[in-house]
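I opened a new notebook for this structure. I will write down what I look up, one topic at a time.

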Amino acid sequence: MPRGKARKYSRPSWNYRQVAVKTRSQMMDSRNFFQKLPIEVFHLILDKLSVLELSVFSLASKNMNGYVMDYISTMTLRGKTMHQNLHKTDCPEQECFGKHFRDLGILFKRCTMLLPTKERLKCILQKFSQVPCFLWETCSAPNCIGLSRYGTFLQTIIAGWDEIECQRVFHFLCEVTNLLNKIETVTTIRKPGLKCYEELELRYFCRKVLLDLSMNQSDCQFWLLQLLKPWPMVSQAHLLLILYGPQLSEGPIIWQDLVERELPQDALWELASSLLLLFNKPKLKDWTMQTTLSIFEEIVAIPQPWHVENVARLLVVCGNNFCYTVLASRVQSGFIRDIAKLIVYIILVCEKDGYEIGWVVHLVQQLHKSLGSEVQRFAFVHHLENTFSEIIVDLLYMYDEGNRLDNGNFFTATFLLLEASARFHAKFLHLLLK
């Protein structure tokens, strides 16, 4: 090739093939595989999926979500969701029922996530209203666990919702169950124990659907406050007793036993826990520590003033902080004689139930320091010591009259009181002379 001449290159020829770009809507249009299937065949496919698999399938796309919604709107799902017999509580399959209804909650939560809260709740209620076990006053079976399963289902759906959304859920439940009217009837119109069946229905619904299955204490506190806030103080105390008061083996609330005889510690445990739930959360909106203390004072007077030992035992179970706050509040009101009597019964409860007596000594010391003058302090100690003597005299009187005490009970009660007095004074003197 001669030097100086540029080399010539031949440009290759490329053949470009035009490719049509389709949008997502075009791809999902007529070429959608599931749209080609008859609806009966498609439902046969969905029948093979578990409830949890259905919920995952509904997340694939908006169209898939619509398909699953159409599917669960049919009677086909009724066999998938309600095949368990809610009345056979001794059935071995009952152990997996909780997981089944949690899966149902996840399914409905995912399928209805594009709807507003009220529409979601309406959709859910429409599906479950066909089952009497999930509704108030529609199932008469004695051992039905329908409401507790409905509670599992509902708590799964609203898990993670903010407080405003949960308030809407509460208002919706009140609307469809007439809950507030029923609470008003039981707590303000009827006397305690007059309609035991209505009290038990209210307790069972609120506990199984809202309170017992809450994910944590904050959730339980939220639902409890929603139930209590609409009512005056006396009705709040009455409602709290209906929800958590002592029962006789799942039967009616033992109202008169609170007044007439001593109850064991486990009978008052749930009531104490509910009071602490309200007491240990300060700075709540529209709720203060004083509100809880006022409710306590109303509780121990329903249906009539309680037996003093039951009041003392409730304070002991509630713990040192709550007990001191209640007694200090009464000190400010000038009820020194009543406080002295209550402290003696607290000492007696500690002796009976095996609590350390030292915390009562510190409690007395704190209350003594809180009194404003030496006269009040002397009166407090004087009433405290006199109360021990008065209770022994009362025991002797009941023994002589043959009222409620036989020989064994008399000697047991006297021994416990004397032993409690000795332990308390020994610890008190030890602290004083230390």
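**Helix α21.** I began with the length of α21, residues 358–370. At 1.5 Å a residue, its 13 residues should span 18 Å. I found its end C-alpha atoms 19 Å apart, so the length agrees. This is a predicted model, and I read every value below with that in mind. Next I looked up burial in α21. The buried residues are G358, W359, V360, V361, L363, V364 and L367.

**Helix α9.** How many residues of α9 are buried? I noted 13 of 13, so I wrote α9 down as mostly covered, taking buried to mean under 20% relative accessible area. After α9 comes G160, which has a positive phi near 90°.

Rolling a probe the size of a water molecule over the atoms shows where empty space is left. The structure holds one cavity of 30 Å³ or more. The largest cavity has a volume of about 70 Å³. Which residues line the largest cavity? I listed L121, I124, L125, Y150, L154, V169, F172 and L173.

Most residues other than glycine have a negative phi, and most peptide bonds are trans. I looked for exceptions. N178 is not a glycine, yet its phi is positive, about 60°. I placed N178 in the loop between α10 and α11 (179–189). Is N178 buried, partly exposed or exposed? N178 counts as partly exposed, because its relative accessibility is 37%. The peptide bond from I302 to P303 is cis, with omega near 0°. P303 sits in the loop between α17 and α18 (308–318).

**Salt bridges.** Side chains of opposite charge can pair when their charged atoms come close. I searched the whole structure and got 14 salt bridges.

My first entry is R207 with D212. Their side chains form a salt bridge at 2.8 Å, N to O. R207 is buried, because its relative accessible area is 9%. D212 is at 38% and therefore counts as partly exposed. I also found a network of salt bridges that links R203, R207, D212 and E270.

Next I took E297 with R330. This salt bridge is also listed at 2.8 Å, N to O. The pair links distant parts of the chain, 33 residues apart. E297 is in helix α17 (residues 289–299), and R330 is in helix α19 (residues 320–332). E297 has a relative accessible area of 31%, so I marked E297 partly exposed. R330 is at 15%, so R330 counts as buried.

Then I took R377 with E374. Their side chains meet at 3.2 Å, N to O. Why are R377 and E374 about one helical turn apart? Because they are three residues apart in helix α22 (residues 374–401). An α-helix has 3.6 residues a turn, so residues three or four places apart point the same way. R377 is partly exposed at 22% relative accessible area. E374 is exposed, with 58%.

**A surface patch.** F428, L429, L432 and L433 make a nonpolar surface patch of about 420 Å². L429 belongs to helix α23 (residues 407–433). L429 is partly exposed, because its relative accessible area is 45%.

**A contact across the chain.** How far apart are the C-alpha atoms of V51 and D103? They are separated by 6.2 Å, although the two residues are 52 residues apart along the chain. V51 lies in helix α4 (residues 51–57). With a relative accessible area of 6%, V51 is buried.

Terms used: Residues numbered from 1 in each chain as written. Predicted model: local features only at pLDDT ≥ 70, side-chain atom pairs only at ≥ 80, totals over all residues. Heavy atoms only, no water. Helix = DSSP H or I, 4+ residues; strand = E, 2+ residues; numbered from the N terminus. Expected span 1.5 Å × (residues − 1). Buried < 20%, exposed > 50% of the residue type's maximum accessible area, 1.4 Å probe, protein only. Patch = residues over 30% accessible without salt bridge, like charges linked within 9 Å, V, L, I, M, F, W, Y side chains within 5 Å. Areas by Shrake-Rupley, 256 points an atom, 1.4 Å probe, with all protein chains shown as cover. Salt bridge = Lys/Arg side-chain N within 4 Å of Asp/Glu carboxyl O. 1 Å grid on protein atoms, 1.4 Å probe; cavity = no way out; pocket = protein on both sides within 12 Å on 5 of 7 lines; lining within 4 Å. Points joined across faces, edges and corners; volume = space filled by probe spheres on them.
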